[in-house]
Amino acid sequence: MPAGDGTWGTAARLPYVCLTRGPICGFPGPADTVAGRGPRPSWAPAADQERAERAITGNRQASWAFADAFVAEDDVLVRARARSHAAGVRAVSPGTGAALRLLAAAGDAKSVVEIGTGTGVSGVHLLRGMRRDGVLTTVDTEPDRQQLAREAYREAGFAGNRSRFICGPALDVLPRLTDGGYDLVFCDADRLEYLDYLDAALRLLRPGGLVCFEGAFAQGRALNAAHQDAEAVALRELMRAVRDSSLLAPVLLPTDDGLLCAVRHA
Ligand SMILES: C[S@@+](CC[C@H](N)C(=O)[O-])C[C@H]1O[C@@H](n2cnc3c(N)ncnc32)[C@H](O)[C@@H]1O
């Protein structure tokens with residue numbers, strides 16, 4: 001059963017649920033859903049179903065933790081992560097970093113924009129996936145953090161000409177970047193500005209380019225319409241905009257806090 005159709009299926013003889021079309025995201029779902037979880041299959045009595053759900057939830061948490069740690073980080077990233085922690089900056093998880101590296105490599109990325117440098121954890125992952133002659137343009141409002149990121153890139157062995165640091169608010173900087181000049185735009189700064197970053201990305205990306213947004217789940221708040229804080233609402237709007245855009249082919253990857261990605265159609 002394909003995911004996202006709002007119905008139940010069977011995986012490893014257990015029922016699983018497809019949440020994305022149910023009311024859980026505030027998205028329209030089928031009328032006969034059970035609390036946003038899709039229609040209950042006739043063969044699954046409620047008690048069995050709940051037991052199965054508990055089992056699969058446990059399995060999923062273990063699987064996600066396993067997947068997130070699957071690609072181990074080296075000393076360079078461990079040190080960059082420690083600096084991030086000390087500076088009170090939330091860096092991407094190892095699994096999200098590995099996904100970014102893979103996406104940059106799969107797209108043979110030469111020009112990448114990163115919104116939210118932090119202390120350089122995501123930047124090292126991106127640079128490792130990009131072409132050897134690629135340039136990462138990374139934007140942040142905090143010069144001290146960018147200095148730490150510069151150190152991380154240098155420790156990782158990247159020459160100074162592989163990165164371009166721009167210090168300033170993203171919404172001031174992005175209009176100055178070249179239209180259609182980028183293969184990948186990675187967004188990890190102010191969640192309330194993500195819809196603006198999406199507009200900017202559509203302008204900056206070449207056809208076939210990729211945009212990614214870190215933190216789409218907002219620690220789960222964006223997945224539950226009961227949460228009406230500004231960030232949760234903004235992320236739900238972003239998910240709808242990306243999913244429903246005729247210009248984009250989207251996917252929501254469940255790495256860490258949710259990595260929403262989309263390719264700009266050629
Ligand atoms: C979550 S951290 C980025 C972490 C980094 N991507 C990593 O994984 O190592 C978010 C960063 O965005 C920066 N930031 C927040 N609002 C911003 C804005 N409006 N424009 C540019 N940078 C911003 C913060 O200073 C912070 O360093």
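Predicted model: local features only at pLDDT ≥ 70, side-chain atom pairs only at ≥ 80, totals over all residues.
Me: OK, what makes Ser-122 count as buried?

Reply: Its relative accessibility is 5%. The cut-off for buried is under 20%, so Ser-122 counts as buried. Ser-122 sits in helix α4.

Me: Which residues is Ser-122 in contact with, if I skip its neighbours within four places in sequence?

Reply: Val-92, Leu-100, Glu-114, Gly-116, Thr-117 and Phe-186. One of those, Leu-100, belongs to helix α3, where Leu-100 is buried too. Gly-95, Thr-96, Gly-97, Ala-98, Ala-99, Leu-103 and Ala-104 are also buried in α3.

Me: How do you know that α3 has the span expected for a helix of 13 residues?

Reply: Take residues 94-106: from the first C-alpha to the last, α3 reaches 18 Å, and the expected figure at 1.5 Å a residue is close to that, 18 Å. Just after α3, Asp-108 takes a positive phi of about 50°.

Me: Why is α3 called roughly parallel to α4?

Reply: The axes of α3 and α4 (residues 121-129) cross at roughly 30° and come within 7 Å. Angles under 35 degrees count as roughly parallel, so α3 is roughly parallel to α4. Their crossing is right-handed.

Me: Which residues make that contact between α3 and α4?

Reply: From α3 come Pro-94, Gly-97, Ala-98, Leu-100, Arg-101, Ala-104 and Ala-105, and from α4 come Ser-122, His-125, Leu-126, Arg-128 and Gly-129. Sorted by class, the contact has six nonpolar, four polar and two charged residues.

Me: And what makes α2 roughly antiparallel to α5?

Reply: Helix α2 (residues 75-86) packs on helix α5 (residues 143-155) at an angle of about 170°, with the axes 9 Å apart. Angles over 145 degrees count as roughly antiparallel, so that is the name for α2 and α5.

Me: Which residues meet there, and how do they divide by class?

Reply: On the α2 side you'll find Val-76, Arg-79, Ala-80 and Arg-83, which meet Leu-148, Glu-151, Ala-152 and Glu-155 in α5. They divide into four nonpolar, no polar and four charged residues.

Me: Last one: how many helices and strands are there in the protein?

Reply: Eight helices and nine strands. As for the contacts with a separation of 6 or more, 63% of them are between residues 24 or more positions apart.

How values were computed:
Residues numbered from 1 in each chain as written. Heavy atoms only, no water. Helix = DSSP H or I, 4+ residues; strand = E, 2+ residues; numbered from the N terminus. Expected span 1.5 Å × (residues − 1). Buried < 20%, exposed > 50% of the residue type's maximum accessible area, 1.4 Å probe, protein only. Axes fitted to C-alpha atoms, helices over the stretch in contact; angles between N-to-C directions. Parallel < 35°, antiparallel > 145°, perpendicular 65-115°, else oblique. Left-handed = near helix turned anticlockwise from the far one by under 90°. Contact = heavy atoms within 4.5 Å. Nonpolar A, V, L, I, M, F, W, Y, C, P; charged D, E, K, R; others polar.
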